[in-house]
Structure formats: structure tokens, C-alpha cells
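Reader: Could you take me through this structure with me looking at it? I'd like to begin with the charged side chains.

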Amino acid sequence: AANIQDDMSQQRLNKYFTKDNDLYKINLDIRKMIIFAVQNIVKDPPFTRLDLLSCRNLLIYLSSQLQKKLLPLFHYSLKPKGLLFLGTSETIGSSADFFHVLDKKWKIFSRKEGSSSFITSREIYFMSDLPETFDVKIMENTMQTIETKLSNLIKNILLKYYTPTCVVIDEKGMIIYVYGRTSRFLEFASGEARLAFLDMIRPELKSKFRNKINEAFKHQKELLLNKLQINEANGTAYVQARLKPISKVDFYKGQLLLILFEDVPLVELQEKQGEKETDDNNTSRLEEELKYTKENLQTTIEELETSNEELKSSNEELQSTNEELQSINEEIETSKEELQSLNEELSTVNAELENRIEQLSSANDDIKNLLDNTEIATIFLDKNLCVKRFTPKATEIINLIKSDVGRPISHIVSNLHYEKLVEDARNVLQTLEPITTEGIDKNGHWYVIRIIPYRTITNHIDGVVITFLNIHTQKQTETRLNELESNLTTIKDFNSTLLNTISNPAIVINTNINSNIVIANTIFLNQFKISQDEIEGLSIFELKLPWNKNALKNLIDNLLTKEKLVENYNIGGETFVTAHRFSSIILLIITRVC
């Protein structure tokens with residue numbers, strides 16, 4: 001870019017860059033020194049003997065468990081005293097034993113000396129979802145043992161059932177064992193290879209198996225699917241399938257289901273065909289298909305009712321939480337108003353105080369009356385730092401009595417934890433620069449201590465004036481403000497946690513502030529590849545998302561004027577949202593993105 005000349009000297013530009021119109025290109029000699037390669041840091045072997053490893057803004061997208069596996073690998077890849085350069089939002093965490101911190105702000109680390117606890121990429125791949133204490137060799141041996149035992153168990157069962165073609169699936173519907181030629185019943189779907197049984201079963205059999213598999217797992221009973229038709233090159237063939245749950249075994253966690261495919265005996269088919277005409281067979285087939293369709297429809301309806309009940313319950317909980325949040329926000333607003341009122345009162349008091357000090361310097365005849373009635377602790381010292389006058393309030397801070405007039409202030413016991421009072425008074429006399437500081441007495445009351453030169457009407461310096469302003473109430477108010485700010489942070493974290501419980505991408509906007517984004521859940525941020533810092537305080541219309549802004553504006557206007565809940569609203573393309581309005585806050589949940 002052309003603006004690099006602002007950050008680089010002309011000598012470096014001439015040496016390492018070539019100017020092309022308004023742009024700068026890196027010289028070919030330097031580009032030849034750079035190798036570009038695709039590297040999977042989890043699976044591929046690492047590069048070694050590196051002077052600098054720059055890994056900026058990558059670790060934030062990885063789990064903490066995987067980060068713990070990668071940092072030792074980075075340590076292994078670097079030379080002694082090699083540099084690791086991370087992003088500003090990243091840290092080495094619990095791997096501080098591997099690196100020294102060179103620059104905390106810019107996250108630059110130096111490799112520590114010593115052996116590296118390097119773990120191979122194969123181990124990292126297998127251990128990415130396992131506890132740190134899990135041993136890979138133990139895992140491999142265990143898996144081999146499980147596979148051997150499972151194979152023997154299934155073979156025994158197959159021998160018991162005359163070894164027809166069969167498959168074994170787990171609770172998730174994934175095929176874990178195949179026996180015999182299953183090409184008549186199973187086929188790979190186009191696209192990425194999948195081992196899901198319902199994805200591989202012939203299309204004409206899928207609807208018949210779906211509910212029966214769930215029923216067999218749920219009730220743990222054997223089921224028979226009879227007279228299943230499959231389309232083959234030479235016509236229609238009839239088969240039957242037997243679904244047999246496998247009892248729990250010690251070496252496999254979870255439930256297994258054995259599905260055996262058998263041809264329907266030809267004699268049985270001929271007998272059934274002889275008993276009824278072709279029309280009767282068609283009617284029977286249609287009735288069976290209608291039965292399966294009804295069962296599928298009933299299951300779908302039950303699942304939909306369950307989902308609706310769960311969604312209703314979640315909405316009620318969310319509404320209750322939002323009401324509590326609104327109440328807390330109102331309390332915080334009230335506290336802020338009270339704090340503002342206190343600050344205004346304090347400013348007024350300070351203004352009155354300054355006015356009184358000016359009156360003291362210009363009205364000698366009223367000094368005694370003023371000193372006897374003012375609530376401000378004030379001590380007047382001469383050039384030798386001896387007491388000239390003091391207000392009655394000053395006796396609460398320094399143990400003064402009437403006979404102390406003329407005595408050095410250093411001879412009088414003070415209740416204030418301020419050892420530099422005499423020293424600071426001398427400095428004010430010498431430099432004529434006022435000193436303001438804070439101090440606390442033995443009773444825990446805070447004061448603002450101000451030492452200023454004592455000026456006569458003729459602008460002659462004749463000592464110092466020490467005032468003690470009680471700011472104990474202000475200190476308590478500051479403490480309370482810190483507590484309120486801490487509570488507000490906790491509330492924000494609580495809201496973020498609640499929003500993350502929603503299983504769909506969700507975002508909250510404030511219509512009072514130009515439809516600004518308040519917060520978004522993690523699913524939303526991950527789906528659109530943006531961070532919370534990038535969108536916080538940004539208007540929803542400023543996001544670069546494939547949404548129709550006019551449709552989105554119409555939705556928000558509709559919520560503000562008419563509806564409180566709009567479901568499955570199309571905001572552009574095939575994106576649908578469900579919107580809830582809570583006062584000026586709107587919650588948008590993306591229900592479907594196609």
C-alpha cells in the first residue's frame with residue numbers, strides 16, 4: 001500500500017521495495033526467500049529450528065484443551081531463545097514453563113531452555129477430545145481389544161441365526177460392523193462418505209426402518225419387517241428384516257442393534273400370490289405403506305409437540321429473566337441519579353468553600369467570627385510553622401487547645417496518619433506551590449489536605465494555611481460506585497451466559513440507541529465469523545451480513561408498533577428469524593438459514 005512510507009524510512013523503501021504507480025511491491029529477491037505452504041498444525045509434522053513463530057489470532061478459535069497440546073509443539077519447533085508472537089487477545093496460559101514473557105502488551109514470548117514435552121501430531125489428533133492424563137497407547141490397546149471382542153460376539157450371534165446378511169448399528173444410527181454382501185440393501189450416497197445406516201439404506205426402505213429402529217432401541221425388543229420390496233434389475237424382490245437388540249456387554253458402552261436381511265422364501269410368496277389376485281396384493285401393499293406413513297406422521301407430530309413445549313418453557317424463562325434484568329437496570333439508573341446529585345452537592349460545597357477562603361484573606365475584621373463558626377478544619381501557621389489560629393473543627397484532627405497558639409505545629413500530637421505535614425508546609429513556603437493530598441485519621445475518616453501560602457492583602461507571604469476537608473462520604477460513595485460497576489459486569493456476564501443457552505444464533509439490539517447491538521451469543525459469532533468487540537455498540541444495519549436491510553427495518557418497525565413476537569420472518573434469501581420485543585430491547589433468533 002502507499003501509506004507504508006509513513007512507517008518506513010526512504011532508505012528501506014528504496015532497498016527492499018519497488019514502486020508500481022501508487023503501490024509498493026516487495027523485491028523479487030526477498031520473495032524468493034519466502035516459502036508458502038499449507039500446514040495443519042494439529043495433524044502435520046511441525047517445522048523445526050525456527051527463529052520466529054507467528055501464530056496470531058489462531059488460538060482464540062481453538063479449545064483450551066487443544067491449546068495445551070499445541071504450545072509444547074511450538075516450544076519444540078523453535079530454536080533456543082526463539083520468539084513466539086501471539087495475538088493481543090491470546091496467552092500461553094498454563095504453558096508458562098515453556099516461554100519467557102518479553103513483551104506483555106504485544107504478546108511476544110521467548111523459548112525457555114530445556115527439553116520439550118513434544119507430542120506427535122498423531123497423538124494430538126487422538127487426544128484432542130481426551131483428558132490430559134489419558135495415555136494414547138492404552139487407548140489403542142483398548143480399542144483393539146474392544147474390536148476383537150465385538151467381532152467374536154457378533155460372529156457367535158450370526159452363527160446362531162444362520163449367518164444371513166446383516167449390519168450392526170449403534171444408538172446414533174452409525175454402522176459399526178457389516179457381514180455378508182449388503183449391496184442389495186445399502187449403497188453410498190453421493191458426496192462426502194457417511195456411515196449412517198439411514199443415509200445408506202435403499203430409498204424405498206428408509207421410511208420403514210426409521211421408526212422401527214427407534215422402537216427397537218427404546219423397548220429393547222426384537223422386531224420383524226416382513227414383505228419389504230426392493231427394486232432390482234430383473235424386477236421387484238421381496239425381503240424381510242429382523243431387528244434384534246444386542247444385550248449390553250462390558251467392553252462396549254451404549255446399546256447395539258443387529259439388523260438381519262433375509263429373502264422371503266419363494267414358496268411362501270407363491271402361496272400368498274395364489275391366495276389373492278394382483279389387485280389384492282396391490283391393495284395390501286398400499287395398506288402397509290399407509291400404515292408406515294401414519295406411524296411416521298404420528299412420530300413427527302409427537303416430536304413437534306415436545307419441541308413446542310420446550311420452546312414455550314424456554315420463552316417463559318427468558319421473559320422472566322428479561323423482566324428481572326429490566327428491574328435491575330432501573331435500580332442502577334436510580335443509583336446513578338443519586339450519585340450525580342451527590343456530586344453536584346459536593347461541587348456546590350467546594351464552590352462555597354473557595355468563596356469563604358477568599359473572604360478570609362480580604363476581611364481581617366471578620367476572621368475571628370468566621371473561624372469560630374465555619375465547619376472546615378483550618379490551621380494558620382506563620383513562617384516558622386508556629387500556630388497562629390485554628391478553627392474549632394481543627395481540634396478534632398489535631399489536638400489543639402487555645403494555649404497552643406505560638407507553638408510549633410511539630411510539637412502537637414495529630415490524629416491524622418500524615419507524617420509529612422511539617423515537611424510539606426516547609427516546601428510550600430519555599431516553592432509557593434500549593435500541595436493537595438489525601439489522608440485518613442485514626443477513626444477511619446478521609447480528608448483532603450490542602451497546604452497553600454498565606455498571602456496578605458499586599459500579596460506578602462506570611463506563612464501557610466492548612467485546611468482539612470472531610471471527604472468520608474465521597475469515599476463511601478466511590479466504594480459504592482465500584483460495587484455497582486462490578487455488579488453491572490456480573491449482570492452482563494449473566495446475560496451472555498443466558499443468551500448462549502439458546503441453541504440457535506441469537507442477537508440482542510436496543511431500539512432506543514439507533515438499533516445498536518447489545519450482545520450476541522457464541523453461535524451467532526462463530527457462524528458469521530465476527531467477534532463480540534467488533535459488533536458491540538454497532539447498529540444492526542451496519543453489519544455486513546446477507547440480510548435484506550429493508551425487510552429487517554420493516555420487522556423492527558412492526559415490533560415497535562404492533563407485535564411483540566414475530567416468528568419465522570424472512571429477512572432475505574432463505575434466512576428466517578423469530579423476533580421478541582421486550583420494551584426497547586429486541587431479541588432476534590435465527591431459526592433457519594438455508
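Author: Gladly, and please keep in mind that this is a predicted model. The count of salt bridges comes to 11.

Reader: Which residue does Lys79 meet in a salt bridge?

Author: Lys79 pairs with Asp51 through their side chains, at 3.5 Å from N to O. Because Lys79 belongs to strand S4 (residues 78-86) and Asp51 to strand S3 (residues 50-55), the pair ties together parts that are 28 residues apart in sequence.

Reader: And what about Asp462, where is its partner in the chain?

Author: Asp462 forms a salt bridge with Lys388, and their closest N and O atoms are 3.5 Å apart. This pair links distant parts of the chain, since Asp462 is in strand S16 (residues 461-470) and Lys388 in strand S13 (residues 387-390), 74 residues apart.

Reader: Okay, new topic: how many residues line the largest pocket?

Author: The lining has 40 residues, and Leu325, Asn329, Asn495, Val518 and Ile585 are the ones nearest the centre of the pocket. The space in this pocket is about 1,300 Å³.

Reader: Which helix gives the most to that lining?

Author: Helix H9 does, with 12 residues, and among the other elements that each supply at least two are helix H12 (472-500) and strand S21 (585-593).

Reader: What classes of residue are in the lining?

Author: There are 16 nonpolar, 16 polar and eight charged residues in the lining of the largest pocket.

Definitions and conventions
Residues numbered from 1 in each chain as written. Predicted model: local features only at pLDDT ≥ 70, side-chain atom pairs only at ≥ 80, totals over all residues. Heavy atoms only, no water. 1 Å grid on protein atoms, 1.4 Å probe; cavity = no way out; pocket = protein on both sides within 12 Å on 5 of 7 lines; lining within 4 Å. Points joined across faces, edges and corners; volume = space filled by probe spheres on them. Helix = DSSP H or I, 4+ residues; strand = E, 2+ residues; numbered from the N terminus. Nonpolar A, V, L, I, M, F, W, Y, C, P; charged D, E, K, R; others polar. Salt bridge = Lys/Arg side-chain N within 4 Å of Asp/Glu carboxyl O.
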